[in-house]
Amino acid sequence: MTKTRAILFLLFCFSCATFASASDGLYQSMLQKLGDTFAAGDPFVEKYEGMWPQMRYAVCRERQGDLILIDNFRNGRYEDEEGVTRGKWTSALVDVSKVNRVVFQLNIFHVKMGPMNYKAGHGQMIFEFDEGGIMTPAGEVSGMVFSFEAYRKDDVAYDPLIKGLKKTYRMTLVVSAVRESLRRAAVTDNGVQLFELDLNETERSNLLEAFLAESFDEETLYNTWYHTTRSSCVTNQFRVLNTVLPEEKRFKEYHKIFGINVIRTLGTTFPRRVGRTLLGSGIVKWHQDFECPNGMTDYAEENFGHDAFLGDPQQ
């Protein structure tokens, strides 16, 4: 190695070390702020008084490069003195550069229609991270979930077949820990289907950024009406997913006449058709069906049992 090359090599090593030191210092600085919001109690209680207690709008408290501090990150549930199940809300420090896996989660449940049970479902998107990807005041978690929900008051029941077709519910995009989401599904749903999506690094990163951006946009979400067939937990998952897919892989969301959207496709609207749509798309690399509660609980604990968790009513 010539003297000039040796000097350039040393300068390169020095710059890398300096950058790594600065990055570590930024991470530690934001980590120290992690518990600030909820340190003296829950500052959002008054805002959400009278609203459905397991839903909130996520808040981006601070962003520095790939690091984001999020408030209203749900990581547990509890029953209050009146027996109402409420979310346990906290903060999370997310390093978006460490996302490594994306899974479409479809919860299956039944809705009573007279003498018949209608098979319904709830779509969500799971993002899993490398070590150090998500930290909470209680410790590290390895994944986060984005769930479009029918935002409503606490005395308004969710009815997808009648009220869901009218302007009854607003929209929210709840952000929660993956272990919490899967354990919740285990006790509230009849089954869960998981579909790992075959996305490259850029697509995974762009999809995460798209969900984060929407989750922080409270004004737009609140001003959007939930609709069972046009703007639901399922249709919005496909809508956001399509924004990062190349044109040849995008899901057909609408049937068109003369280029005008006329009616939504069944496969991106109705939960009972979602599995078939995903499996036929060519972008699913793994999928599995789980029974609830035991199958789903076992999967959650085997894969995410080491994650920090604030507990649920069953504990």
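The following exercises, with worked solutions, concern a predicted model.

**Exercise 1.** Determine how helix α2 is oriented relative to helix α7, and describe their crossing and contact.

*Solution.*
1. Helix α2 spans residues 178-188 and helix α7 spans residues 294-304. Their axes lie 8 Å apart and form an angle of about 165°.
2. Angles over 145 degrees count as roughly antiparallel, so α2 is roughly antiparallel to α7.
3. The handedness of the crossing between α2 and α7 is left-handed.
4. On the α2 side, the contact is made by V178, R179, L182, R183 and A186. On the α7 side, M296, T297, Y299, A300, E301 and F304 take part.
5. Sorted by class, the residues in this contact of α2 with α7 are seven nonpolar, one polar and three charged.

**Exercise 2.** Is R183 buried or exposed, and with which side chain does the side chain of R183 make a polar contact?

*Solution.*
1. R183 belongs to helix α2.
2. The relative accessibility of R183 is 14%. Buried means under 20%, and therefore R183 counts as buried.
3. The partner in the polar contact is the side chain of E301, at 3.0 Å. E301 is also one of the α7 residues that make the contact with α2.

**Exercise 3.** Characterise the surroundings of C60.

*Solution.*
1. C60 is located in strand β1, which covers residues 59-64.
2. With 34% relative accessibility, C60 counts as partly exposed, because this class falls between the 20% and 50% limits.
3. Leaving aside residues up to four places away in sequence, C60 touches I68, L69 and F216.
4. D71 is 11 residues from C60 along the chain, and the C-alpha atoms of the two are separated by 6.5 Å.

Notes
Residues numbered from 1 in each chain as written. Predicted model: local features only at pLDDT ≥ 70, side-chain atom pairs only at ≥ 80, totals over all residues. Heavy atoms only, no water. Axes fitted to C-alpha atoms, helices over the stretch in contact; angles between N-to-C directions. Helix = DSSP H or I, 4+ residues; strand = E, 2+ residues; numbered from the N terminus. Parallel < 35°, antiparallel > 145°, perpendicular 65-115°, else oblique. Left-handed = near helix turned anticlockwise from the far one by under 90°. Contact = heavy atoms within 4.5 Å. Nonpolar A, V, L, I, M, F, W, Y, C, P; charged D, E, K, R; others polar. Buried < 20%, exposed > 50% of the residue type's maximum accessible area, 1.4 Å probe, protein only. Polar contact = N/O pair within 3.5 Å; in protein donor to acceptor, adjacent residues only side chain to side chain.
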